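Please examine the structure below with attention to its aromatic side chains.

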Amino acid sequence: MNKTLKRGQLKKELSIFLIITFAATYILQFFIYSIAGYIPSPPSQIWVATLVLSMFIPATAAIICIIYFKSSALTRESKIVFTFFLLYVVLFSFENYYQPVMGSVMDQPVLSTIVAVLGMLAVILLNLKKKWRNGLKASKLSFGRNRKYYLILPLTVLLILIFQGIIVYFSGLGAPAAEFNIYTFFITLIPYLIFSFFTIWAWYFGEEFGWRVYLQDRLFPLLGSYKGVLVLGIIWGAWHYPMNAMGYNFPGHPILGNVLMTIFTIVMGIILSYAVLKTGSVWAAIIIHLFNNKAGNIVAAYLAYSSNGLLGNIMGSVLLGIFALILLRSKVWKRVEKVPKIQ
């Protein structure tokens, strides 16, 4: 395939992915809005299910495009991972919109949770043998390279969250939801993150495989890495617009909230994209995304959280933004090959 055709093909694949992702997300959320109204705080069960289901859409759209365009990334090994993910999506939807098949434990439907754990065990198993691991590389489903960044990047994000919580607490800008207790924070955090990774990895796979693998692999060659990561962050932010306009994240601030969300997705997007570029794997980004969301809950419970969502978002964006600026200095961004424009 010559470069002109390659560029045209990338644009076609990118466009179809975005159309499916945005159409499915917006239609789903507006449909639930017509039934349940604005998203309350905390979200009702129907909205919790809908917000999580929305997270599955980018990866589902990516898988549809991979199959439709007969991508070389569709190997026997990648099909196994995709199958576990899609099976989890179906079971999650049924059990959360209708009823759990086998009951629930710790607010998690048992059957879909079992499928999630088996799926992650399958991913680990597929990464143990070189032949199987090679079958995952094209889709960035192997554990990749530079594995020290699996520790460095998530732990740095975690430290930033802890630092933010401590600042909020001692400045009087907020208070813990339970109690300020650093010991309880740490003994709760580690098992909580491990449990979350094995049971709800598909939530974050749903976003990261779509954004940081499928879209990134088509956007960066077209625009270059620096412009590409900026555009990717804006796209990711725009994907959140309906839910925020309906009261999620920034109740009462639909416009300003979406502006702040876009700034945050650009900043966090830089960190997540760097993780994928550095490791060649989606799993590093999944871990960071999960750490940011789930560790944030423990920070809020045992350190502090700001009751002002706008202030909390601004503070988080500034602290993570400093880290993102440091990562932008890496040479890894310059190694992305840009497809020449059509003459």
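Are Phe82 and Phe209 buried or exposed? Phe82 is buried, and Phe209 is buried as well, where buried means under 20% relative accessible area, exposed means over 50%, and partly exposed lies in between (1.4 Å probe, protein chains only). The model is predicted, so local features need pLDDT of at least 70 and side-chain atom pairs count only at pLDDT 80 or more, while totals for chains, interfaces and linings use all residues. Residues are numbered from 1 along each chain as its sequence is written, and side-chain values use heavy atoms, with hydrogens and water left out.

A pair of aromatic rings is described by the distance of the centres and the angle of the planes. Here, rings of Phe, Tyr and Trp (its six-membered ring) pair if their centres lie within 6.5 Å; planes under 30 degrees apart count as stacked, over 60 as edge-to-face and the rest as tilted. By this rule there are 27 aromatic pairs. One of them joins Phe82 and Phe209: the ring centres are 5.4 Å apart and the planes stand at 65°, so the pair is edge-to-face. This pair links distant parts of the chain, since Phe82 belongs to helix H3 (residues 76-97) and Phe209 to helix H7 (residues 182-223), 127 residues apart. Helices (H or I, at least four residues) and strands (E, at least two) are DSSP runs, numbered from the N terminus.

A further edge-to-face pair is formed by Phe185 and Phe186, because their ring centres are 4.9 Å apart and their planes are at 80°. Phe185 counts as buried, at 0% relative accessibility, whereas Phe186 is partly exposed, with a relative accessible area of 39%.

Phe82 and Phe209 also belong to one aromatic cluster, whose members include Phe56, Phe85, Tyr88, Phe92, Trp201 and Trp283. Ser112 is found in helix H4 (residues 110-126) and counts as buried, at 1% relative accessibility.

Arginine side chains also meet aromatic faces. A charge sits over a ring if NZ of Lys or CZ of Arg is within 6 Å of the ring centre and within 35 degrees of the ring normal. Arg212 lies over the face of Trp236, at 4.2 Å from the ring centre, and Arg218 lies over the face of Tyr214, at 3.6 Å from the ring centre.

The protein chain as a whole has 12 helices and four strands. Its radius of gyration, taken over C-alpha atoms, is 20 Å, close to the 20 Å that the globule rule (2.2 Å times the number of residues to the power 0.38) gives for 343 residues, so the chain is as compact as a globular protein of that length. Buried residues make up 54% of the 343 residues. Among contacts between residues at least 6 apart in sequence, 81% join residues at least 24 apart.

Finally, pLDDT is the predictor's confidence in each residue, from 0 to 100. The mean pLDDT of the protein chain is 93, and 96% of its residues reach 70 or more. Confidence is lowest in strand E1 (residues 104-105), at a mean of 72, and highest in helix H8 (residues 225-239), at 98.

Notes. Contact means heavy atoms within 4.5 Å.
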